[in-house]
Amino acid sequence: GIEAGPDPRLFADLFAHLGGSAAVVTTESLLFALTQRLGTDLDDARLVLEAAQRVGVVVPFGPDCHRLRADSPA
């Protein structure tokens, strides 16, 4: 299982590693980074990404990319 307690800096830290807070990254890159960071599988990473989208931490950008919400903490 994955860590149940939310990390408010999870996506900010992931995007910093993937090119910075203004970076636009592919969904596949973001999912891979999540699996590595959380030590989980792809299915769980997809659930985490979907939850982050629902609460507005990350937003879709084009058909297969994401970016941090513009006012997310860096």
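Biologist: What covers the buried residues of H3?

Modeller: In this predicted model, the cover over the buried residues of H3 includes H1, H2, strand E2 (58-60) and strand E3 (65-68).

Biologist: Which residues of H3 are buried?

Modeller: They are Ala 45, Val 48, Leu 49 and Ala 52. Seen down the axis of H3, its buried residues fall within an arc of 95 degrees, so they line one face of the helix. On the other side of H3, Asp 43 and Arg 54 are exposed.

Biologist: How do you know that the span of H3 agrees with what a helix should have?

Modeller: We set two values side by side. At 1.5 Å a residue, the 14 residues of H3 should span 20 Å, and its end C-alpha atoms are 20 Å apart, so the two agree.

Biologist: And what about H2, how far apart are its end C-alpha atoms?

Modeller: They are 16 Å apart, and 16 Å is also what the 12 residues of H2 should span at 1.5 Å a residue, so there is agreement here too.

Biologist: What is found at the start of H3, and what comes just after it?

Modeller: At the start, a side-chain oxygen of Asp 41 reaches to within 3.2 Å of the backbone nitrogen of Asp 43. Just after H3, Gly 56 takes a positive phi of about 90 degrees. There is a glycine to look at just after H2 as well: Gly 39 has a positive phi of about 65 degrees.

Biologist: Let's turn to Thr 27 in helix H2. Why is Thr 27 called buried?

Modeller: Buried means under 20% relative accessible area. Thr 27 has a relative accessible area of 15%, so Thr 27 is buried.

Biologist: What makes the link between the side chains of Thr 27 and His 66 a polar contact?

Modeller: The cut-off for such a pair of N or O atoms is 3.5 Å. The side chains of Thr 27 and His 66 are joined at 3.1 Å, and this is a polar contact. Setting aside neighbours within four places in sequence, Thr 27 is in contact with Leu 49, Asp 64, Cys 65 and His 66.

Biologist: Which other residues of H2 are buried, and what covers them?

Modeller: Along with Thr 27, the buried residues of H2 are Leu 30, Leu 31, Ala 33, Leu 34 and Thr 35. Their cover includes H1, strand E1 (24-26), H3 and E3.

Biologist: Which members of the largest nonpolar core touch the most other members?

Modeller: Of its 16 residues, these are Phe 11, Leu 14, Phe 15, Leu 30, Leu 34, Leu 49 and Val 58. Helices H1 (10-18), H2 (27-38) and H3 (42-55) are the elements that give two or more residues to this core. Leu 14, leaving aside its neighbours within four places in sequence, is in contact with Leu 30, Ala 33, Leu 34 and Arg 37.

Biologist: Now the strands. How do you know that E1 and E3 pair?

Modeller: Two strands pair if there are at least two bridges between them. E1 and E3 are joined by 3 bridges and run antiparallel. Thr 26 stands opposite Cys 65 in E3.

Biologist: How many bridges lie between E2 and E3?

Modeller: There are 3 bridges, and this pair is antiparallel. Val 58 has Leu 68 in E3 as its bridge partner. E2 and E3 form a hairpin with 4 residues between them, and Gly 62 in the turn has a positive phi of about 80 degrees.

Biologist: Which residues of E3 are on the covered face, and which on the uncovered one?

Modeller: His 66 and Leu 68 make up the covered face, while Cys 65 and Arg 67 make up the uncovered one.

Technical notes. Residues are numbered from 1 along each chain as its sequence is written. This is a predicted model: local features need pLDDT of at least 70, side-chain atom pairs count only at pLDDT 80 or more; totals for chains, interfaces and linings use all residues. Side-chain values use heavy atoms; hydrogens and water are left out. A nonpolar core is a set of buried Ala, Val, Leu, Ile, Met, Phe, Trp, Tyr and Cys residues joined through side-chain atoms within 4.5 Å. Buried means under 20% relative accessible area, exposed over 50%, partly exposed in between (1.4 Å probe, protein chains only). Contact means heavy atoms within 4.5 Å. A polar contact is a pair of N or O atoms within 3.5 Å; within protein, one must be able to donate a hydrogen and the other to accept it, and residues adjacent in sequence count only if both atoms are side-chain atoms. The expected span of a helix is 1.5 Å times one less than its number of residues. The arc is that of the directions from the helix axis to the C-beta atoms.
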